[in-house]
Amino acid sequence: MSKLSDNIRILSYLTPQRVWNLIVLKISFVVSRKTKKALHRGKPFSLSIEPTTACNLGCPECPSGLKEFTRPTGKLDLNLHQKMLNQVSKTVFYINYYFQGEPFLHPQFLDLIRQAKKHKIYTATSTNAHFIDEKKAKEIIDSGLDRLIISMDGLTQETYENYRVHGNLEKVIAATKFLVAAKKEKNSATPHLIFQFLAVKPNEHEIPAVFTLGKEMGIDEVRIKTAQLYAYKNGNSLMPENENYSRYTLQSDGTYALKHKTGNHCWRMWSGSVLTWDGKVVPCCFDKDAQHILGSIEMTDFSTIWNAKKYRDFRQSILTGRNQIDICKNCSEGAKVWAG
């Protein structure tokens with residue numbers, strides 16, 4: 001029932017203008033896909049906004065954790081964030097406050113949530129939960145955050161830290177308990193709490209048990225996420241043995257390839273966008289190092305960037321040669337997610 005309630009909550013943020021924008025977006029996407037010409041009308045209904053690029057962990061497939069970014073590390077300024085909201089809130093009703101980095105390393109992260117709530121926007125984020133104590137858990141409930149994804153990538157310290165390098169599973173368990181207790185104390189339905197289990201070879205045997213743990217702890221939903229691996233063609237030590245939990249499939253020549261065919265289309269290019277901590281606009285969450293900058297909110301308003309030739313040309317390249325674009329070659333759109 002909680003998953004249904006969460007979906008209903010998202011829909012509750014719709015207004016007549018936002019509904020009309022959704023219809024226009026969908027029609028323009030369908031027409032573009034059929035004609036192979038990038039027709040685009042409407043504005044995005046969802047965004048990913050990056051609070052910070054900083055992270056306390058060193059996950060092996062994450063450029064933030066590995067400190068491999070060529071772009072600067074920093075945190076989103078509240079005034080710049082307000083500028084973003086003022087420009088997009090008529091059509092945007094869903095914002096994921098996560099791109100790279102650990103959101104709760106931003107000292108004013110919950111102020112970002114409060115700013116968005118004033119614009120009647122559904123808010124979500126993803127965290128490694130190392131910075132959530134009893135006091136912070138109560139502040140999270142009071143902020144109005146709608147959804148909180150907790151990275152629960154192992155049920156023992158050994159399996160957890162195999163991927164979440166420098167991480168402490170006890171802190172994640174404690175944070176979860178604080179959040180569940182705070183929701184009960186405040187009689188709050190939000191945030192919708194999700195355990196997200198990143199399936200890799202060292203932890204795949206624990207997948208059945210994470211659903212049990214989630215139920216025992218009072219988590220609203222459990223999701224199994226397949227891992228994006230940068231080096232996968234010749235196999236990878238993190239690749240699960242059970243191919244159901246992998247984005248990649250073994251070929252007859254002994255190499256691996258993406259399991260799901262991408263095709264020359266992508267709804268994300270019509271429905272959403274990503275804003276980095278310093279106001280850059282990039283096409284989607286797979287452009288982790290912001291190599292495809294389409295504009296800057298600090299220099300130009302979002303509407304102008306969204307409709308500019310550079311953005312239109314990128315959409316057109318998706319329709320005619322998506323598999324030639326670097327960030328699209330390892331894309332998980334259409335990949336299966338297990339939930340419970």
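Predicted model: local features only at pLDDT ≥ 70, side-chain atom pairs only at ≥ 80, totals over all residues.

Biologist: How many bridges join β4 to β5, and which strand pairs with β4 over four bridges?

Modeller: Five bridges join β4 to β5 (residues 192-199), and the two run parallel. Strand β3 (residues 122-127) pairs with β4 over four bridges, again in the parallel sense. Ile149 turns up here too, as the bridge partner of Ser126.

Biologist: Why is β4 described as largely enclosed?

Modeller: Buried means under 20% relative accessible area, exposed means over 50%, and partly exposed is in between (1.4 Å probe, protein chains only). Five of the five residues of β4 (residues 147-151) are buried, so the strand is largely enclosed by the rest of the structure.

Biologist: And how do I read the two sides of a strand?

Modeller: In a regular strand the side chains alternate between the two faces of the sheet. In β4, Arg147, Ile149 and Ser151 point one way and Leu148 and Ile150 the other, and all are buried. β3 is covered on both faces as well: Tyr122, Ala124 and Ser126 lie on one side, Thr123, Thr125 and Thr127 on the other, all buried.

Biologist: What does the chain do between β2 and β3?

Modeller: A crossover is right-handed if, with the strands pointing away from the viewer, the path from the first strand over the helix to the second runs clockwise. From β2 the chain passes through helix α4 (residues 109-118) to β3, and that β-α-β crossover is right-handed. β2 (residues 94-96) and β3 pair in the parallel sense over three bridges, with Ile95 partnered by Thr123. Then β3, helix α5 (residues 134-143) and β4 make a right-handed β-α-β unit.

Biologist: Is α4 mostly covered or mostly uncovered?

Modeller: Mostly covered, with seven of its 10 residues buried. Among them are Phe109, Leu110 and Ile113. Contact means heavy atoms within 4.5 Å, and the buried residues of α4 pack against α3 (78-88), β3 and α5.

Biologist: Let's zoom in. What does the side chain of Thr127 reach?

Modeller: A polar contact is a pair of N or O atoms within 3.5 Å; within protein, one must be able to donate a hydrogen and the other to accept it, and residues adjacent in sequence count only if both atoms are side-chain atoms. The side chain of Thr127 reaches the backbone nitrogen of Ala129 at 2.8 Å. Thr127 sits in β3 and counts as buried, at 2% relative accessibility. Leaving aside neighbours within four places in sequence, Thr127 is in contact with residues including Glu102, Phe104, Leu148 and Ile150.

Methods
Residues numbered from 1 in each chain as written. Heavy atoms only, no water. Pairing = 2+ DSSP bridges.
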